[in-house]
Amino acid sequence: FISPFSLTGGPVGRHNAIAVFVRDLSEQKRLERMREDFVANASHELRTPLAALTGFIETLQGPARDDPKAREQFLAIMREQADRMKRLTDALLSLSRIEMRAHVRPTESVDLAETARYAVEMMRSMADEHGVALELAIDEEPLMVRGDSDELVQLVDNLIENAIKYGGGGGRVHVSARRGEADDTAVIAVQDFGRGIAPEHVPRLTERFYRVDVEESRARQGTGLGLAIVKHIVARHRGRLTVRSELGAGSTFSVRLPLSSTKAKVG
Ligand code: ADP
């Protein structure tokens with residue numbers, strides 16, 4: 001347990017000590033509750049497809065045993081449920097790996113313009129399938145940051161995937177990588193022109209398993225973890241994630257990262 005003394009860096013009066021102690025306890029309680037919620041949610045998310053699988057196996061062993069048509073149909077559903085469990089466990093693993101590295105500074109030198117270009121190419125076929133035009137605008141010059149190249153690609157991928165899945169109704173998705181106004185930052189933005197997100201949902205989007213519409217997320221093969229992963233990648237890179245959204249007009253997810261100095265100092 002953290003003592004109130006080490007928190008304040010020296011001895012404190014009795015009342016201060018008690019105040020810090022109480023705050024510390026409630027913070028611990030909050031974290032504990034978050035952890036419990038997470039485990040409960042993850043278990044629930046896994047149990048649902050698992051229950052479906054068990055049900056279909058029993059049916060295949062019993063009533064549907066000699067019905068080839070039903071067998072084909074059930075096997076196809078079972079495949080979908082197994083895929084869903086795979087997506088979820090992959091996402092959980094990804095999240096836990098990023099969290100484990102939370103306090104380790106990423107050290108690669110990464111060009112964000114290149115990252116954006118690569119992510120757009122990776123998502124091109126998904127955009128085509130959804131009839132969405134995927135546009136890219138990047139600065140001519142490289143945008144060098146200290147980072148983890150795999151995580152940064154995953155970050156941009158997740159944002160583009162969401163823009164296509166939930167904002168694709170707008171017909172196009174615009175990705176940009178530019179130098180920020182402050183000049184010492186790089187900004188990657190993913191904009192869609194879809195239906196937008198109601199303001200009450202926006203602050204909660206990066207919570208694990210939070211979805212505006214659970215059924216829609218499931219139907220679109222979502223896990224509810226994509227933006228939680230984004231949030232953790234951004235935090236590990238000491239960046240900032242902002243969301244602007246207007247109902248009926250679309251959403252923009254922007255990630256701002258500190259540029260690493262690329263120009264050699266003269267003199
Ligand atoms: P999921 O796996 O469900 O996509 P995410 O964490 O990536 O989970 O996103 C959480 C929810 O935020 C989604 O289920 C969706 O309701 C909403 N959302 C995310 N991106 C967008 C977007 N570009 N437009 C509208 N809604 C979005």
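**Reading the ligand site, pockets and cavities**

Biologist: A nitrogen atom of the ligand is 2.8 Å from an N or O atom in the side chain of D192. What makes such a pair a polar contact?

Modeller: A polar contact is a pair of N or O atoms within 3.5 Å; within protein, one must be able to donate a hydrogen and the other to accept it, and residues adjacent in sequence count only if both atoms are side-chain atoms. Side-chain values use heavy atoms, with hydrogens and water left out, and residues are numbered from 1 along each chain as its sequence is written. This is a predicted model, in which local features need pLDDT of at least 70 and side-chain atom pairs count only at pLDDT 80 or more, while totals for chains, interfaces and linings use all residues.

Biologist: How many residues surround the ligand, and which are the closest?

Modeller: The shell holds residues with a heavy atom within 4 Å of the molecule. Here 19 residues surround the ligand, and the closest of them are Y166, S217, T223, G224 and L227. The shell divides into nine nonpolar, seven polar and three charged residues, where Ala, Val, Leu, Ile, Met, Phe, Trp, Tyr, Cys and Pro count as nonpolar, Asp, Glu, Lys and Arg as charged, and the others, Gly among them, as polar.

Biologist: Which elements supply at least two residues of that shell?

Modeller: Helices (H or I, at least four residues) and strands (E, at least two) are DSSP runs, numbered from the N terminus. For the shell around the ligand, α5, α7 and β7 each supply at least two residues, and the largest share, four residues, comes from α5.

Biologist: What space does the ligand take?

Modeller: On a 1 Å grid over the protein atoms alone, a cavity is a set of points where a 1.4 Å probe fits but cannot get out, a pocket is an open set with protein on both sides within 12 Å along at least five of seven lines, and lining residues have an atom within 4 Å of a point. A molecule sits in one if more than half of its atoms lie within 2 Å of its grid points. In this model, the space taken by the ligand is the largest pocket.

Biologist: What is the volume of the largest pocket, and which lining residues are closest to its centre?

Modeller: A volume is the space filled by probe spheres set on the points, which are joined across faces, edges and corners. The largest pocket holds about 990 Å³ of space. Its lining has 42 residues, with E161, N162, K165, Y166 and G226 closest to the centre. The elements that each supply at least two of the lining residues include α3 (68–100), α5 (149–167), α7 (226–236) and β7 (250–258), and α5 gives the most, with 10 residues. By class, this lining has 16 nonpolar, 14 polar and 12 charged residues.

Biologist: What lines the second largest pocket?

Modeller: About 540 Å³ of space lies in the second largest pocket. Of its 16 lining residues, M34, R35, F38, E207 and R208 are the closest to its centre. Both α2 (14–61) and α7 supply at least two residues of this lining, and the largest share, six residues, comes from α2. Its classes are six nonpolar, three polar and seven charged residues.

Biologist: How many cavities of 30 Å³ or more does the structure hold?

Modeller: There are two cavities of 30 Å³ or more. The largest cavity has about 80 Å³ of space, and its lining includes E45, R84, R87, R211 and T223. α3 gives the most to this lining, with four residues, and the lining residues divide into three nonpolar, two polar and five charged. The second largest cavity, with a volume of about 30 Å³, is lined by L112, L152, L155, V156, I188, V255 and L257. Two or more of these residues come from each of α5 and β7, and by class the lining has seven nonpolar residues, no polar and no charged.
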